[in-house]
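User: Could you give me a close look at one part of this model, the helix packing? I'd like the geometry and who touches whom.
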Amino acid sequence: MKTWKKVTIGISASLLVILIFIFGISYYLLKGTLPDYNSQTKVAGLKSEVDIYRDQYAVPMITADNDEDAAFALGYVHAQERLFQMDVARRAGEGRLSEVFGAKTIPIDEMFRTIGIYKNVKANYDKLNPLSKKILEAYSRGVNAYIKDAKGKYPVEFDLLGYDPYPWKPEHSLVIAKLMGWELNLSWWTDIAFAQLVQKFGEEKTKELLPDFPENSPTIIPPEIKNFASIPTDFIKVDQMFRSFTGFVGTHIGSNNWVINGKMSASGKPIIANDPHLAYTAPGRWYFAMIRSKDWNVDGFTIPGLPAIVIGKNQSASGGIAWALTNVMVDDADFYVEKIDSTGKNYFLNGVWKQLDIEKDTIRVKDSSNVVFEVRRTHRGPIITDVHSYKALYPSASNKMAQMSMRWTGNEFSDEMFAALSINKSKNWEDFKNAARYFTVPGQNFVYGDDKGNIGYICAARLPIRSNNSPTLIYDGTTTKNDWLGFVPYEEMPKLFNPPENFIASANNKTVESFKYHISNIWEPSSRIERITELLKSKPVHSVKDYEKYQVDFVSPYARKLTPFILNAFNNVKITDPNLQLSLELLKSWNFEMNPGSQVPTIYTRFFQFLIKNIFEDEMGEDLLKEYVFVANVPYRIIPKMLEENRSSFFDDIRTPQIETRDDIIRKSLVDALSDLEKNYGKNIANWQWDDIHKVTFYHMFHHESSLLDKIINIGPFSIGGDGTTIFNTEYSFPELFEKTRDYKKLHRSDPYENILGPSMRYIFDFGDPNHLELIMPTGESGNFMSSHYKDMSEMWLKGKYIQIPLDEPAFKAGSKNLMKLIPQ
């Protein structure tokens with residue numbers, strides 16, 4: 001063998017050995033970051049020993065002698081599994097992301113410091129119920145015990161960013177709760193977008209674009225809106241930046257829940273179900289836990305960072321209850337255009353100048369100089385148009401913009417922790433009803449069942465009382481006539497108990513007809529609630545197995561409503577194109593199931609995309625169209641209204657000499673859709689299966705940094721069915737469909753039709769089988785991508801399968817795989 005060949009082989013072999021050695025060391029170090037589920041750890045801050053049993057999916061049962069020790073252990077376990085997730089969430093709410101992520105998160109930090117989540121939480125902490133403070137403080141001790149014990153072996157994300165977590169405070173848990181309220185707060189997006197429409201199109205034409213507007217009273221569009229300076233979108237852009245950065249994307253932020261009583265149940269007892277729809281992330285949003293202590297015996301879903309079961313069921317000697325949640329979609333924020341003097345220190349109100357509350361704040365920035373800025377507040381709230389870091393990133397923004405303040409119920413004092421803990425311990429409907437009064441942000445539809453056979457519903461939200469019952473737009477801030485007049489008393493909030501229908505269901509649909517107070521104008525389209533109601537009325541009694549099928553149902557009543565308009569538009573039209581003819585035949589025979597293996601959903605959804613484009617883009621333009629469709633329920637709700645009324649001026653394409661009709665636009669949209677599909681997937685319709693286009697991936701926060709890393713930290717992609725109108729909600733981004741150029745470097749940039757949001761967990765409980773609970777999550781219990789529990793539920797979630805948890809303490813312990821002990825130091 002020639003010498004150069006020997007040298008090459010020798011060098012290659014040496015490099016291979018070195019790479020194997022490096023890989024082995026890296027793997028060993030990464031494995032070292034995993035928690036030990038069988039440890040016996042001495043910790044300070046406990047009163048008595050706590051046992052933590054885990055099953056094959058790492059679902060924990062915490063057994064403690066008292067509630068404080070149980071909260072301590074929950075904090076310890078949360079930190080074991082989700083410390084980085086918790087740390088990023090509290091940093092976001094505090095406005096401290098830039099300390100570890102650098103200059104790119106300055107606008108996000110400035111936004112949340114301006115909103116003032118942490119400032120308000122800290123100022124109001126002493127007002128909390130003593131029980132809330134006791135549990136929050138015990139939980140914080142538990143988190144900090146793990147932070148101390150794990151030093152040097154934190155999750156790898158901390159090493160990659162080069163920092164250690166700072167101590168956990170009780171206020172951090174409250175920040176995470178408020179941040180959840182912010183994520184679910186969508187109404188304010190439409191306030192700004194709709195005001196822009198008024199400024200562009202005028203009052204009468206804008207009325208055509210507002211879905212189901214008004215809610216309870218004649219349409220009132222304040223005439224002064226057209227005279228305001230241009231309504232800025234800076235605040236929206238920064239919030240979009242935050243949602244992209246954290247993965248909180250998508251706007252079908254809702255849920256399904258329902259409960260039937262014993263008359264409709266195969267077991268003769270209530271059965272309750274829930275699947276909250278949130279943005280997908282890896283790790284997932286929920287952590288399932290079971291708590292057994294002296295006065296706190298509860299099982300269900302927690303949010304890492306919060307010491308309570310948010311959704312679940314409890315048990316006690318005197319009775320047990322279960323509860324489920326969906327988003328009310330409440331309108332809990334308003335904007336006011338302010339008149340501010342040339343000094344920037346005073347605002348005009350009721351004919352006199354008032355002094356602004358001005359405070360300097362500082363953002364510390366990694367590898368850069370600090371950013372010092374001012375937060376200005378009126379009596380209503382902060383001037384949110386002062387979130388000016390956005391302009392550094394988008395220098396083309398106009399300086400001639402309105403200055404707006406914001407009032408949000410999330411900045412009012414509330415004690416959701418006391419509400420959650422009280423619900424966790426409720427024994428009956430009266431206890432539950434009394435506990436729910438303290439739950440205000442984010443507004444939630446609580447569905448209830450108990451072991452006595454009762455079912456119930458409560459709309460728990462803090463509703464502002466306004467002088468105008470159809471607000472949904474921006475107000476004139478120079479007068480107090482538009483200020484909130486207080487809040488709707490809890491006694492007047494919608495409630496139901498044992499209704500004659502024998503079931504209760506909610507899917508972010510309109511809460512109640514003709515309610516005298518304004519709740520919302522951004523209800524989800526009725527498709528999901530219609531399908532749930534259909535299924536619950538389809539047979540006399542239902543079982544857990546039926547529920548499992550219902551939660552993964554792909555039938556769209558919305559598509560059932562729209563498809564006849566397509567078919568009717570082609571009546572008496574001569575068709576020569578074979579694909580157009582075949583598409584119409586497929587649509588005619590379609591059962592409206594968004595089946596992943598079918599081509600019809602592909603044709604239908606592509607038609608819907610071009611229908612939106614052909615109705616609106618000629619007059620709105622690309623940018624305003626993307627803002628208009630950002631909250632997906634807006635186009636979903638306005639399109640059927642326009643098609644049914646058949647008199648909208650937006651059907652006409654102003655770029656052509658002729659006047660287009662509704663049916664002209666429908667026909668053009670289907671032809672455009674088929675041309676687009678042929679261009680991208682070929683002319684053979686057999687190759688247009690929905691699951692080849694509609695996919696889901698659960699992304700880690702560090703995704704797209706490296707294709708090799710993506711294979712390790714991301715979960716998926718998986719093919720999937722459904723869309724945003726099916727019970728199994730698989731939302732895709734509307735704005736992404738109308739991007740003419742695509743920047744794939746942008747965080748959480750999704751492909752067209754990529755599923756970005758949906759069931760963040762599924763849960764079913766039958767009071768007829770009190771010793772078991774059915775659940776599944778999109779990922780797993782662990783947030784460490786080296787763990788076997790990082791994604792051990794993903795395939796089952798996708799296929800509509802569930803894991804059954806034994807709730808009986810001896811049975812769970814007998815089947816457990818691990819036992820960890822926390823011992824008082």
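How do α18 and α19 sit relative to each other, roughly parallel or roughly perpendicular?

Analyst: Quick ground rules: this is a predicted model, where local features need pLDDT of at least 70, side-chain atom pairs count only at pLDDT 80 or more, and totals for chains, interfaces and linings use all residues. Numbering starts from 1 along each chain as its sequence is written, and side-chain values use heavy atoms, with hydrogens and water left out.

The axes of α18 (residues 578–589) and α19 come within 10 Å, crossing at roughly 105° (helices are DSSP H or I runs of at least four residues, numbered from the N terminus; axes are lines fitted to C-alpha atoms over the stretch in contact, with angles from 0 to 180 degrees between N-to-C directions). So the two are roughly perpendicular (65 to 115 degrees; under 35 is roughly parallel, over 145 roughly antiparallel, the rest oblique). Ser-583, Leu-586 and Leu-587 of α18 touch Val-600, Ile-603 and Tyr-604 of α19 (contact: heavy atoms within 4.5 Å). That's 5 nonpolar residues, 1 polar and no charged ones (nonpolar: Ala, Val, Leu, Ile, Met, Phe, Trp, Tyr, Cys, Pro; charged: Asp, Glu, Lys, Arg; polar: the others, Gly among them).

Ile-603 also shows up where α19 meets α21. The axes of α19 (residues 600–628) and α21 (residues 662–681) come within 8 Å and cross at roughly 125°, so this pair is oblique. On the α19 side, the contact includes Arg-606, Phe-607 and Phe-610; on the α21 side, Ile-665, Asp-672 and Tyr-681 are among the partners. By class, this contact has 12 nonpolar, 4 polar and 4 charged residues.
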